[in-house]
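Reader: Please take me through this model and say what each term rests on.

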Amino acid sequence: MSSTQSPTESVYYSSMVDLDVDFEAHVAHVSECPGHLSDFVAHQESIVHLVSEVNAAQGADEPAHAYSALADLLTTISEHIHSFVVANDVGALQVRFLRPLVFVRYNPYPHFTSRTEERGVLPIIGLHPFDGFSGYPRDDEGRYSDIPGYHMEALVDATAIHRSSGQSRGRDYVQEFLRRCPNRPGVYCLSVYRGGFSVHFADSSGAEGSPIISWDDGDAIPMLVNYVYSLYVPPAGHFSRDPTMTWRYYPGSKTLWTVQCGGEEFPNMRPLFLAAPWGKRSAIFVSGGRHKARAVIKDSYRDPKAEYYEEPQFLKHIHCRGFVPGVVRLAREENVVFSGQQTEIISVRDSPRVKHRMVLADVGESLLRARSVNDLLMAIYDVLEVHRTLASRAKILHRDMSLANILMYPKWASCSNSKLLEGAPPLIDDILSGQLRDAQDRLARCLLIDFDYAVRLPDMPDQTKCEGAISRRVGTPRYVARATAAGRVLHSRNIALPMPELSGEALDLYLRAYGQNRYEQYCDDARTFHGGRPQEPDDDIWASAERVKRLPYVHRWDYDIESVYWTVYSVLLLVRPQGYWEDERSQRYSAMRRYWKILASHDFLDLDTDECENLPQDTRAPLLECDLPAFLMPFPPEMEDVGRLMFSIAQHVRVSYAAMVERPPRDDHLHEAVQRLILDYLVVHRNEPIRLTPDSLRYTQARTAVVESQTGDPSSEEGDVSMDFEDLLDLSDTASGSSTEDNQADSEGCQDPRAGPTPVSSLLQGDWEYPYFAPEQCEIGEIWVRS
């Protein structure tokens, strides 16, 4: 190694702290070029000359010559390898490689936005010369721009080639590339420094790279040859593309995808959610327009041996005896096949991964799209009923009730063999109308989605034992219950309130729908609150605190209801009543901003269990503990009554029921309390709905914060997301691209012409048949309890 390597190496290690450097492990992720070919390439006069040019150009004030020489060097190596691969029929040569890969200089492009001060600079990219490639714009220096990332085969970060010190940004480019290109399981990146280079490979499990190799080292050219050879012939278990996805890009518009699952094709899918590349790397696509059949596809990478991933099994089980109103339905699921029958990918962590795909049949809209406060509250009433049905009858607890996972205005896919779960509960429309609708008409006003963090409830819940997933803290940080954020039972001194009582029309409608027996089951006597008994004034306060401290954390039903409360509270802060003018200098607007920022900044806590119990344990506590005038301060005058409703709900939510001396005997006690309060409000305000403006929020800066990461797991690396705010708000706009002429679009153009046509999904054609009814055998065992 040359003496120039040491200073470069120190820069490399300081700037790539998250990148594993292990030469032996890295070799497993790079194909070894046949020795005779590597020797042949290394001794070509053109190659030797270009290596000398790259070396000579390093450190120059103007790096353009170094970039050009490096691009020419890699392209020349590619041409030799392509000739060898074609002549010797090595591997399964992809259609897109009928011409050799070329490496070209590249201009800044939004797909690659680095976190450093020099943003968006990716000097060189490797790509196949597709039809229309020459038509892309070039500047005076010959640099291309606006080329979609989907065409790129490899990345070359050479920004440090002309500096004696500086940071490599290869990991930034790789991370952004994988996030923007959901059809790419992994990608290679060459990072070039002054004096040497290194080769990286990245996939959903992380990134791994070789040590820096000096240009003067005898292994330099062979390593470059291996890097380029890997682009043509990846190592076993490594795949550059998902063969079941093709894309079509319309300049100035969104990219549309055609995705295959279960032997069917789903065309014109638009990306709705693209998570960060490390971790599950979830990607969500939605198809169809306002008046068309819809479908949602959810992709994620996972360990095939992991026991915690049960979302498909949960969804199958939920509907196995008939549809549960208000819960999304699974239409198809499978592991993506990459080659032959192979579904497993060898990750950089040397652990197998599979790309799992689900097709979901139903779609909805964000709560922020509510057209009235009544519509919002009716959807929330139904989601509480759905949640308690799942927990009590299917023994499934959701654990991530949040803005992203509670939708309204659902659009249910037409199903030829539809049947409703026997004994499905009445919903808000049944209650307000005073009569139970027929089974085929009993649709919920909510759509509950994303059971990634759902858990099976034990048959005999025991707070003294907390084994398994139910003791794991998960959820979306902004909306998690305070106990979940702290990871322990809270020792609350809030005064518990008795179960709300109904009267008049509200009571009459309740009794018609549910009967007297259910109403009386939740009634309190003189000494109980929600059926439980809190600490008495003469109880030993320190002994009580010690008792609570010894209780392990277990996710309770009421923790999910607290998450629903924070979700609704955040929505009501942001929605704008029709005709309401916001004075941004007013105390009301200032309070709204302050309260919203408290919510938006909330995260999981890391408190020592020995910390004083009297200290505030949650940054949102002031929003629960304040008096009525302060609580109402952020709401417009038109929303004072709904503000009072939320204040009443808060008085029940803020109590730590798990800390009671005798806990409430019914786990759904908080569901009941909140539903009674909502029902009473809806009866009083049935003819006075507060109309809202779905396309306009009171606090525009919240638009970006609303699309934060939905992973909610404090141990997860999946932090960043890419999601359009308009997409989050409205799943009903047309985005099929049908009005755009095909000759204006840039598309994959690399599918094997020998492959036969794939039929369009029956789900999109309106003749879908639900495939997972199994009344005699449920995926998670016989845990349904008849009502």
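Predicted model: local features only at pLDDT ≥ 70, side-chain atom pairs only at ≥ 80, totals over all residues.

Reader: Why are β17 and β20 called edge strands?

Author: The sheet is open, with three antiparallel strands in the order β17-β19-β20. β17 (363-366) and β20 (446-448) each have a single partner strand, so one side of each lacks a neighbour in the sheet. On average, neighbouring strands here are turned by 55° against each other, direction ignored.

Reader: Which helix lies across β19 and β20, and at what angle to β20 does it run?

Author: Helix α9, residues 373-394, lies across both strands and runs at about 40° to β20.

Reader: How many helices and strands are there in the protein?

Author: The protein has 23 helices and 25 strands.

Reader: What makes a residue count as buried, and what share of the protein is buried?

Author: A buried residue has under 20% relative accessible area. Of the 787 residues, 60% are buried. The protein still exposes about 31,900 Å², and carbon and sulfur atoms supply 48% of that area.

Reader: What share of the contacts joins residues 24 or more positions apart?

Author: A contact means heavy atoms within 4.5 Å. Among contacts with a separation of 6 or more, 77% join residues 24 or more positions apart.

Methods
Residues numbered from 1 in each chain as written. Heavy atoms only, no water. Pairing = 2+ DSSP bridges. Helix = DSSP H or I, 4+ residues; strand = E, 2+ residues; numbered from the N terminus. Axes fitted to C-alpha atoms, helices over the stretch in contact; angles between N-to-C directions. Buried < 20%, exposed > 50% of the residue type's maximum accessible area, 1.4 Å probe, protein only. Areas by Shrake-Rupley, 256 points an atom, 1.4 Å probe, with all protein chains shown as cover.
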